[in-house]
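Here is a briefing on one protein model. It is grouped by topic for quick reading.

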Amino acid sequence: MSPYPEAVRIREVGPRDGFQNEPEVIPTAVKVRLIDALARTGLCRLEATSFVRPDVIPQLADAPAVLQAIDVPDAVDVSVLVPNERGLDNALPYREHFDEINCFLSASETHNQRNVNRSIEESLAGIERVLGRAREVGLRCEGVISVAFGCPYEGHVPPERVFAIARRLQEAGADEIAFGDTTGMANPRQVAKFFDTAHVELGSGVELTAHFHNTRGQGLANVLAALEQGIDSFESSFGELGGCPVPPGSTGNIATEDLVSMLHEMGIETGISLERLLEAARAAREVLGRPLGSHLLTAGPVDWHDPAP
C-alpha cells in the first residue's frame, strides 16, 4: 500500500500572496483575467485577494473590484484574507462573492510584531472575534500560522507553542489550520516529525494544511515529508510568486505547477490540468515581464513519449 494520499487538495494563493509582494500594482483587469484563468484549471480552492489597509498594501487596494469582476465556476471555493475585524467589516459587504476567510498570525513574537505590530496574544484575541463573526454568516474559516517551522529573528520555534496557537484557533471556529514555512527554514525530517505530532495534538476535527516556501530550495522535499504523514492539503502559488515582506530575501511559495507536476508523476490526483495551469503561469510571467522561479516554466512537463521504433 502506498504511504501517500490518493488525492490532494491545493489552494492557489498567488492572486493574494503573490500579487501583494510585487513592487508594482497590477491593474485590476489583469488580475481578473489571471484569476479567471486559474479558476478554469481544475483548482477547487483559490485565494483571490485580501482586505488590508490600502496605504499599507496598495497592491490589493482593489479587493472589492476584483471580487465583483471575477467569473469563477461554482465548483471553486474563493477565499479572502482578513487580518482583523476591520478587514472583516470591509469584506462582508461582498459576502456573495467569496466562500471562505483566512486569518493569520505568527508563531514568534518578533515576527508577529514586525509583520502586524501586535503581540501573539493580541493577534489571537482579534482573530477569535473574527472567526466567531465569520462563522455566524456561514463562512468557512482558515487560521494560518506563519513561521511555524522556524523564525528568521528568533530561530527555533517550539512546536508546542505552534500547537497551542492552533488549538486556540480551532476552539474559536477554524475549520482548517495552515502551517507556514514563511521564510523557507524547514527541512523534511523536521516536517515529518511536526505533522506526526500535529495529528496527535489536534485530532481529526480540523483540516491540516502545509504552506511551504522555496527560499532555500527545499519546498517540494518538505511536501513529500508532509505527504508521508498523511497531509493532503497544500497551499502554493503559480509561477512561484509571493514571499514575505519581512525579512528581505524571503522568496516565493512553492510553484503550483511544480507541485502539481510532482504529484501527478507520483500518481496522486489533484483534479488540475497541468497544461492550463502552465498557461496561467506563462501569462503571469508575461504580465510581470521577468523570469519566475517555477521550474516547469523553464523545463516544461515531463514527456514520457514512446521511443522511436
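This is a predicted model: local features need pLDDT of at least 70, side-chain atom pairs count only at pLDDT 80 or more; totals for chains, interfaces and linings use all residues.

Residues are numbered from 1 along each chain as its sequence is written, and side-chain values use heavy atoms, with hydrogens and water left out. Eight strands close into a barrel with parallel pairing.

**Barrel**

- The strand order is E1-E2-E3-E4-E5-E6-E7-E8.
- On average, neighbouring strands of this sheet are turned by 25° against each other, direction ignored.
- Such angles run from 0 to 180 degrees between N-to-C directions, with axes as lines fitted to C-alpha atoms, for helices over the stretch in contact.
- Two strands count as paired if DSSP finds at least two bridges between them.
- Helices (H or I, at least four residues) and strands (E, at least two) are DSSP runs, numbered from the N terminus.

**Strand pairs**

- Strand E3 (residues 77–81) runs parallel to E4, and three bridges join them. Valine 80 stands opposite isoleucine 101 in E4.
- Strand E4 (residues 100–106) is joined to E5 by seven bridges, again in parallel. Here cysteine 103 faces glycine 143 in E5 as its opposite residue.
- E5 and E6 pair in the parallel sense over four bridges. Glycine 143 has isoleucine 177 as its bridge partner in E6.
- Strand E7 (residues 207–212) and strand E8 (residues 233–236) run parallel, with two bridges. Histidine 211 stands opposite glutamate 235 in E8.

**Strand burial**

- Buried means under 20% relative accessible area, exposed means over 50%, and partly exposed lies in between (1.4 Å probe, protein chains only).
- In a regular strand the side chains alternate between the two faces of the sheet.
- E4 is mostly covered, with seven of its seven residues buried. Glu100, Asn102, Phe104 and Ser106 point one way, Ile101, Cys103 and Leu105 the other way, and all are buried.
- Strand E5 (residues 140–146) has six of its seven residues buried, so E5 is largely enclosed by the rest of the structure.
- E6 has six of six residues buried, so E6 too is largely enclosed by the rest of the structure. One side carries Glu176, Ala178 and Gly180, the other Ile177, Phe179 and Asp181.

**Helix H9**

- Helix H9 (residues 219–227) has Gly219, Asn222, Val223, Ala225, Ala226 and Leu227 buried.
- These buried residues pack against strand E6 (176–181), helix H8 (188–202), E7, E8 and helix H10 (256–265).
- Contact means heavy atoms within 4.5 Å.

**Pockets**

- A pocket is found on a 1 Å grid over the protein atoms alone: it is an open set of points where a 1.4 Å probe fits, with protein on both sides within 12 Å along at least five of seven lines, and lining residues have an atom within 4 Å of a point.
- Grid points are joined across faces, edges and corners, and a volume is the space filled by probe spheres set on the points.
- The largest pocket holds about 1100 Å³. It is lined by 50 residues, and Val52, Ile57, Pro83, Phe104 and Val116 are the closest to its centre.
- That lining has 22 nonpolar, 17 polar and eleven charged residues.
- Ala, Val, Leu, Ile, Met, Phe, Trp, Tyr, Cys and Pro count as nonpolar, Asp, Glu, Lys and Arg as charged, and the others, Gly among them, as polar.
- The second largest pocket has a volume of about 180 Å³. Its lining includes Leu67, Ile70, Glu96, His97 and Phe98.
- By class, this second lining divides into seven nonpolar, one polar and four charged residues.

**Loop residues**

- Most residues other than glycine have a negative phi.
- Asparagine 117 has a positive phi of about 60°. It sits in the loop between helix H5 (109–116) and helix H6 (120–136), and is exposed at 62% relative accessible area.
- Valine 147 also has a positive phi, near 45°. It lies in the loop between E5 and helix H7 (159–172), and is buried at 0%.
- Leucine 292 is in the loop between helix H11 (274–288) and helix H12 (295–299). At 12% relative accessibility, leucine 292 counts as buried.
- Not counting residues up to four places away in sequence, leucine 292 touches Gly239, Leu241, Ala281, Ala284, Arg285 and Leu297.
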